[in-house]
Amino acid sequence: MALDLDQVNQRLRAAKCRASIVAPRSGLWLYLKATLPPKPGSKLLAAHQQRIALGVRNNPAGLRRAEAEAKKLSSQLDLKEFDWTLWLPQEVAPIEAPQTTGDLLLAFKADYFTLRPETQASQNTWRKRYWESLQRLDPSMPLTADLLCGNVARTKPGTRSRQLYVEAAVALAKFAKFSDLDIAKIKRLKGVATKTEKNLDLEVLPNEALIIEWFNKIPNQHWKWIYGVMATYGLRNHEAFRCQIDSSGVCRVSSGKTGSREVWPLPLEWVDLFDLRAGGPPPHDPGQSNSDLGHRIGTQFRRYEIPFNPYLLRHAWAVRAIHRGLDSSIAARMQGHSVQMHTNTYHKWLSRRDYELAMGKIYKGDQGSGG
């Protein structure tokens with residue numbers, strides 16, 4: 001009977017071997033996986049789980065070779081004789097060079113994780129920065145600059161998505177040792193990002209009446225609470241799962257993108273209107289990544305057919321802060337921004353209507369003082 005990966009790993013576990021064999025993603029290539037000392041030049045000090053590329057295919061002959069290598073690695077670890085110099089040459093120069101796009105993607109990912117521990121955070125970074133765009137490539141095709149440019153062309157020029165697609169394509173092209181001319185060809189597609197998420201026309205921001213209207217349409221109390229805290233405190237998506245409202249109505253974000261902070265409600269009456277002191281988020285795993293929690297909120301907005309992006313609740317809070325005269329340094333701190341980022345992001349949204357509102361308040365005050 002032909003060997004398969006599970007059978008080999010069962011034998012290794014039965015022998016109390018300290019290494020296992022994995023064939024990630026496409027399953028074409030075999031790697032050893034074990035808790036190993038940091039690589040030479042690594043900034044990490046403690047041993048952590050890492051992979052060693054064997055340069056052999058996932059087939060019966062390759063599995064036999066991988067099983068022998070796993071036992072050898074385990075023995076070196078037991079005898080405290082492990083030495084990276086005995087394994088690194090095979091990792092950087094596999095026996096069979098990958099040819100197809102699928103093979104190159106597999107090798108590219110393996111190379112990415114040789115430089116960092118494979119944690120939840122690094123997996124999320126890999127997915128967001130590279131895999132979400134590169135997975136669209138046809139794995140059976142040879143990798144060329146034209147193939148990468150065609151993938152980039154799926155996105156709209158001037159968007160953040162276009163930037164991410166280009167950055168991922170350039171990284172893969174460099175890994176595949178493309179010529180400088182081909183890399184420059186891909187880079188030219190990047191253009192200038194307009195950051196549409198942060199430059200939306202003020203007219204698309206939900207006003208206070210619309211925000212309240214859609215709060216009342218949400219049938220689930222937990223999701224109403226999530227919506228309410230995002231609107232009242234201008235939180236990022238995932239922060240709505242990682243916050244508490246105290247008796248005074250102040251929101252304490254425990255682990256946001258920029259660390260813990262306090263945020264005051266704007267407007268104050270929404271704390272009672274949305275019953276934010278009493279409610280709470282839907283059941284969730286506290287160990288979930290920020291990205292996964294954020295995706296849950298986006299999914300619920302679409303499910304309830306809310307006609308605006310959840311992040312616009314955050315933007316609307318920031319613009320309300322400007323309208324109501326909250327000092328930029330305080331507003332920036334509450335939102336977890338630098339003052340410069342806050343000013344650059346939101347003050348450009350001010351329109352002639354906002355100027356008229358602000359100057360009208362000043363003129364009204366001048367008339368009152370001059371009577």
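**A tour of rings and cores**

Start by selecting Phe108, Tyr112, Phe113, Trp126, Tyr130 and Phe175, which ring pairs link into a cluster. The model is a predicted one.

Phe108 belongs to helix α4 (residues 101-114) and Tyr130 to helix α5 (residues 120-134), so the pair links parts of the chain that are 22 residues apart. Phe108 is buried, with a relative accessible area of 6%, and Tyr130 is buried too, at 9%.

The ring centres of Trp126 and Tyr130 lie 5.5 Å apart, and the pair counts as tilted because the planes meet at 40°. Both residues sit in helix α5, 4 residues apart, or about one helical turn. Trp126 is buried, with a relative accessible area of 1%.

Now move to the largest nonpolar core, which has 41 residues. Which residues touch the most other members? They are Tyr227 and Tyr233. Elements that each supply at least two residues of this core include α9 (208-217), β5 (251-256) and α12 (290-303). Helix α10 gives the largest share, 8 residues.

A second, separate core has 25 residues, including Leu104, Leu148, Cys149 and Ile186.

Finally, look at two lysines. Lys217 lies over the face of Trp214, 4.1 Å from the ring centre. Lys224 lies over the face of Phe215, at 4.7 Å from the ring centre.

Methods
Residues numbered from 1 in each chain as written. Predicted model: local features only at pLDDT ≥ 70, side-chain atom pairs only at ≥ 80, totals over all residues. Heavy atoms only, no water. Core = buried A, V, L, I, M, F, W, Y, C linked by side-chain atoms within 4.5 Å. Buried < 20%, exposed > 50% of the residue type's maximum accessible area, 1.4 Å probe, protein only. Phe/Tyr/Trp six-rings, centres within 6.5 Å; stacked < 30°, edge-to-face > 60°. Lys NZ or Arg CZ within 6 Å of the ring centre and 35° of its normal.
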